[in-house]
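I opened this model to look up a few local features and wrote down what I found. The entries are in the order of my reading.

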Amino acid sequence: MIAGYEDQSLKVFSLNSNHALAEEIANHIGTTLGECTVSKFSDGEIQINLEESIRGCDVYVVQSTSEPVNLHIMELLIMIDALKRASAKSINIVMPYYGYARQDRKARSREPITAKLVADLLETAGATRVIALDLHAPQIQGFFDMPIDHLQGVPILSDYFKEKALDNLVIVSPDHGGVTRARRMADRLKAPLSIIDKRRPRHNVAEVMNIIGDVEGKTAILIDDIIDTAGTITVAADALIERGAKEVYACCTHPVLSGPAVERIENSSIKELIITNTIQLPEDKRTEKITQLSVAPLLADAITRIHELKSVSILFD
């Protein structure tokens with residue numbers, strides 16, 4: 001908590017995607033969540049009422065666009081409109097998890113670039129800034145014509161493994177696209193890097209083709225930004241054990257964990273899965289194999305620095 005922080009021009013609001021994280025962020029800042037009600041009409045239309053004045057205030061809205069993605073996006077867009085019409089000075093979107101981020105390019109003919117569409121919707125609604133964490137592709141920052149602060153989850157995950165004091169480590173990227181992220185962790189943990197060469201014959205299906213690097217006898221740490229159905233990460237873990245790895249840990253920033261994900265992780269070679277709370281984990285997905293870390297201190301620090309016109313770049317590492 002930032003002791004004595006009583007700046008009344010800073011307001012933090014939470015919508016329905018991750019209220020617990022929003023409360024934790026507010027506690028770290030030293031304030032309380034703003035009062036608003038999110039309800040539905042009988043036909044399912046969303047209604048939002050602000051229960052306090054925000055005129056002239058810098059407002060920060062915490063909302064991960066996680067499952068149900070479309071509902072949470074609509075909540076956010078309606079909230080932005082409400083804040084704009086209530087004369088907020090600035091409308092800052094704290095989006096720990098950016099839904100639709102994996103649709104960041106045209107992989108095939110006649111496909112949409114939905115990550116760009118979501119950025120356009122936020123801007124058109126009236127948002128003035130976005131604070132995001134581990135976007136699936138860093139170039140998504142270029143989809144916005146407003147300031148975006150892109151924070152990293154690697155330091156939080158790396159610090160956890162430092163405290164475990166594991167020896168003979170190797171950091172493993174489950175695909176070519178995650179090499180930069182894996183290299184950041186490898187640098188922080190002073191460990192070598194390995195890469196899994198995989199192909200994806202169709203959505204949510206992964207096949208390991210080869211493992212680049214020495215993993216025999218080592219403790220492997222798989223790192224990814226998102227774990228969705230857990231197909232990629234569990235197949236990769238099994239391949240590492242087959243190649244001679246002593247044990248396998250896995251970690252990610254965004255625990256989507258849809259469909260059979262938790263069951264796959266429980267039945268896999270993964271010794272422990274470390275995630276963050278960018279997405280609220282329901283009780284039925286909490287197991288002894290899953291450890292959740294908080295991103296609230298990082299996001300609270302970012303909000304405070306932005307509000308006080310201080311540099312945020314120190315938080316990017």
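**Entry 1: helix α3**

I note at the start that the model is predicted. I looked up α3, which runs over residues 114–125 and has 12 residues. I checked its span: from first C-alpha to last it reaches 16 Å, close to the 16 Å expected at 1.5 Å a residue.

Next I asked which residues of α3 are buried. I found Thr114, Ala115, Val118, Ala119, Leu122 and Ala125. I then looked down the axis of α3: the buried residues fall within an arc of 150°, so they line one face of the helix. For the record, an α-helix has 3.6 residues a turn, so residues three or four places apart point the same way.

**Entry 2: Ser158**

I located Ser158 in helix α4, residues 154–164. Is Ser158 buried or exposed? Its relative accessible area is 0%, and I put it down as buried because the cut-off for that is under 20%. Leaving out residues up to four places away in sequence, I found that Ser158 touches Met185, Arg188 and Leu189.

**Entry 3: Arg286**

I found Arg286 in the loop between β13 (270–276) and β14 (290–293).

What does Arg286 contact beyond its neighbours within four places in sequence? I found Leu281 and Gln292. For Leu281 I have a distance as well: the side chain of Arg286 reaches the backbone oxygen of Leu281 at 2.8 Å. I also took the separation of Arg286 from Val262, which is 24 residues in sequence and 8.4 Å in space, C-alpha to C-alpha.

**Entry 4: cavities**

I asked how many cavities of 30 Å³ or more the whole structure holds. The search finds one. I noted a volume of about 30 Å³ for the largest cavity.

I then listed the residues that line this largest cavity. They are Tyr97, Tyr98, Ala101, Leu133, Asp134, Leu135, His136, Ile226 and His254.

Notes:
Residues are numbered from 1 along each chain as its sequence is written. This is a predicted model: local features need pLDDT of at least 70, side-chain atom pairs count only at pLDDT 80 or more; totals for chains, interfaces and linings use all residues. Side-chain values use heavy atoms; hydrogens and water are left out. Helices (H or I, at least four residues) and strands (E, at least two) are DSSP runs, numbered from the N terminus. The expected span of a helix is 1.5 Å times one less than its number of residues. Buried means under 20% relative accessible area, exposed over 50%, partly exposed in between (1.4 Å probe, protein chains only). The arc is that of the directions from the helix axis to the C-beta atoms. Contact means heavy atoms within 4.5 Å. A polar contact is a pair of N or O atoms within 3.5 Å; within protein, one must be able to donate a hydrogen and the other to accept it, and residues adjacent in sequence count only if both atoms are side-chain atoms. On a 1 Å grid over the protein atoms alone, a cavity is a set of points where a 1.4 Å probe fits but cannot get out, and a pocket is an open set with protein on both sides within 12 Å along at least five of seven lines; lining residues have an atom within 4 Å of a point. Grid points are joined across faces, edges and corners, and a volume is the space filled by probe spheres set on the points.
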